[in-house]
Amino acid sequence: MEDINRLKLVLVEKKKTSKWLSEQLKITPSTVSKWCTNTSQPDIGTLIKISKLLNITIEDLINKEYANSVLSE
């Protein structure tokens with residue numbers, strides 16, 4: 001699976017845990033874990049919520065190389 005999101009890295013940069021994020025979003029820790037390992041991806045609404053919680057842009061959550069590869073298709 002290609003690394004689509006940077007959630008794991010952003011959480012480290014913001015000194016937050018996946019457990020903290022799961023509590024804020026009221027979802028299971030296993031769901032956040034799947035996002036952090038890029039096994040699955042959050043939907044756009046959840047990305048917006050995550051970006052607001054972490055005080056970042058949605059673009060900060062997306063792997064730039066992945067985004068560029070999609071744009072060049």
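In helix α4 (residues 44-54), Thr46, Leu47, Ile50, Ser51 and Leu54 are the buried residues. Viewed down the axis of α4, these residues fall within an arc of 140°, so they line one face of the helix. The model is a predicted one.

**Exercise 1.** Find which residues are exposed on the other side of α4, and what its buried residues pack against.

*Solution.* 
- Step 1: Return to the buried residues of α4, which pack against α1 (7-13), α2 (18-25), α3 and α5 (58-61).

**Exercise 2.** Decide whether Trp35 is buried or exposed, and list its contacts beyond four places in sequence.

*Solution.* 
- Step 1: Locate Trp35 in helix α3 (residues 29-36).
- Step 2: The relative accessibility of Trp35 is 6%. Buried means under 20%, so Trp35 counts as buried.
- Step 3: Setting aside neighbours within four places in sequence, Trp35 is in contact with Asn5, Leu7, Leu25, Ile27, Ser40, Gln41, Pro42, Thr46 and Ile50.
- Step 4: Compare this list with α4: Thr46 and Ile50 are among the contacts of Trp35, and both are among the buried residues of α4.

How values were computed. Residues numbered from 1 in each chain as written. Predicted model: local features only at pLDDT ≥ 70, side-chain atom pairs only at ≥ 80, totals over all residues. Heavy atoms only, no water. Helix = DSSP H or I, 4+ residues; strand = E, 2+ residues; numbered from the N terminus. Buried < 20%, exposed > 50% of the residue type's maximum accessible area, 1.4 Å probe, protein only. Contact = heavy atoms within 4.5 Å. Arc of directions from axis to C-beta.
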